[in-house]
Amino acid sequence: MPLTLEIVTPEAKVYSDTIDSVVVPTVEGEIGVLPGHIPLLTQVADGELRVTKGGATSWLAVGGGFAQIDGDRVRVLAEHAITEEKIDENTVEAAMKRAEEELKAAKTMDPQQYEHLQSLVRYSGVQLAVKRRRR
Amino acid sequence: MPSTRDIRRRIKSVKNTRQITKAMELVAASKMKKAQAAALAGRPYAQLMADMLAALAPRVGENQHPLLVRRDVKVRGILLVTTDKGLCGPLNANLFKLVTEIRMPAKYVAIGRKGAQFLARTKRDVLADFTVSDRAGFNEVKTPVEFMVKLFLEGSIDTVEVIYPRYKNTLVQEAVARPVLPLSNVKDFVSTLRAEAGAGKFTDERDMLFEPSADAVLAALLPFYVNRYIHQLVLSAKASEQSARMVAMKTAKDNATKLLGDLTLEYNKARQAGITQEILEIAAAAFSAS
């Protein structure tokens, strides 16, 4: 029996398909999910999410959120998520550089802004890692 | 009777007004579509979050998390979501009416310039005001929300309520005060939420596992949820704003068109009267000369 995987962000439903297995990055480390997995609710960390479908593997970059496994349904609630094909290396790199510079330049910044920039840098790093993994 | 020149001048100014209101109507219409789409796009997310809270609910006691604890309400915390600009009909006035009905001591945080101005004018206790762009990104809304949550946790406010224009449809927006914190009764709360989002049931009967632990997931999920929930309310407020503005501008445009018709009629009458007068005068002159 196949699994269904849904990845939802505030902006849109990023991914919705039936798959064979998925590896989700969580705060406790990566977990692999196959059909018949025990029901689970866990926190997702920034990282790469691996989807296997019909022998082919695809990658997604996800940023912080939660995942719920219920029966044969895996649902991921993430702040960001993007499929590998849609990652544009140059824009991500530019955004990362900008955020890093802002972090360096500002000595006194309100903590929320700081946190936002840091998460931006982290997520950019994840996206680049996903994009470059096959070279 | 006004002269033809006066009437012509008025016609010109009404025409200008009509042109401007028409342009503003079109702008509001296109922004409204975007705002509505954004409000709708958030729905699957809200539903999934409700499902997750529902999964946690049986494991959660009343006082397990500070955001759940109900206290004696001494000072209410109100987040007033209004527009930055006017020209949107009675939208803001309806919100202000709700605010004036509050008799208890309350502290306010405003999103939107109009609300900030109103609160300052009526000399209420304003803690901060924020502006949020038309796009209303998650990160923009996060700042005021986290500010309020912090105050709530520190105890300087005992509730967090949001007063905002709820989007029903293009013609109807109602001013609503929605309590957000404390999330005192998670089970009730989740069931209303699920009814709203139309969430499904769980298929697997086995006990759910939580990683790292139920408490840890709850502690992470609740603040996230509050942020997300208020973000959804702000998106709804933005959709309301644009549709209210569109409707107001459409009415203004229609009125201008009607006024233009009346003025044109009056102008033609005055012109005709002038011509008749001239012919009379010429005829009279010719008659007396002969």
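# A chat about chains A and B

Modeller: Let's begin inside chain B, where B:L79 stands opposite B:V109 in β2(B). This is a predicted model, in which local features need pLDDT of at least 70 and side-chain atom pairs count only at pLDDT 80 or more, while totals for chains, interfaces and linings use all residues. Residues are numbered from 1 along each chain as its sequence is written, chains are lettered from A and ligands numbered from 1 in the order in which they are written, and side-chain values use heavy atoms, with hydrogens and water left out.

Colleague: Thanks! Which strand is joined to β2 of chain B there, and by how many bridges?

Modeller: Strand β1 (residues 76–81) of chain B is joined to strand β2 (residues 106–111) of chain B by six bridges, and the two run parallel. Strands here are DSSP runs of E with at least two residues, helices are runs of H or I with at least four, and both are numbered from the N terminus. Two strands pair if DSSP finds at least two bridges between them.

Colleague: What sheet do they sit in, and in what order?

Modeller: An open sheet of five strands in chain B, with the order β3-β2-β1-β4-β5 and mixed pairing. At the edges are β3 (126–130) and β5 (173–181) of chain B, each of which pairs on one side only. From one strand to the next, the twist averages 20°. Axes are lines fitted to C-alpha atoms (for helices, over the stretch in contact), and angles run from 0 to 180 degrees between N-to-C directions.

Colleague: Where do the side chains of a strand go?

Modeller: In a regular strand, they alternate between the two faces of the sheet.

Colleague: Which helix lies across β1, β2 and β3 of chain B?

Modeller: That is α4 (residues 113–121) of chain B, running at about 150° to β2(B).

Colleague: New topic: how many residues does each chain bring to the contact?

Modeller: Chain B brings 33 residues and chain A brings 30, with contact meaning heavy atoms within 4.5 Å. The area buried between chain B and chain A is about 2,800 Å², and carbon and sulfur atoms give 62% of that. Buried area is the accessible area (1.4 Å probe) that two parts lose on being put together, summed over both.

Colleague: Which residues of chain B lose the most area to chain A?

Modeller: B:Y45, B:M52 and B:E211, which together make up 22% of what that side buries.

Colleague: How many salt bridges cross the interface?

Modeller: The rule, a side-chain nitrogen of Lys or Arg within 4 Å of a carboxyl oxygen of Asp or Glu, finds zero salt bridges between chain B and chain A.

Colleague: Where does B:E211 sit relative to chain A?

Modeller: B:E211 is in β6(B), with A:T42 standing opposite. Three bridges join β6(B) to strand β5 (residues 40–44) of chain A, and these strands run parallel.

Colleague: How many helices and strands does chain A have?

Modeller: Two helices and eight strands. Read along the sequence, the pattern of chain A is β-β-β-β-β-β-β-β-α-α.

Colleague: What do β3(A) and β4(A) form?

Modeller: A hairpin, with two residues between the strands. Strand β3 (residues 21–26) of chain A and strand β4 (residues 29–33) of chain A pair in the antiparallel sense over five bridges, and A:P25 stands opposite A:E30 in β4(A).
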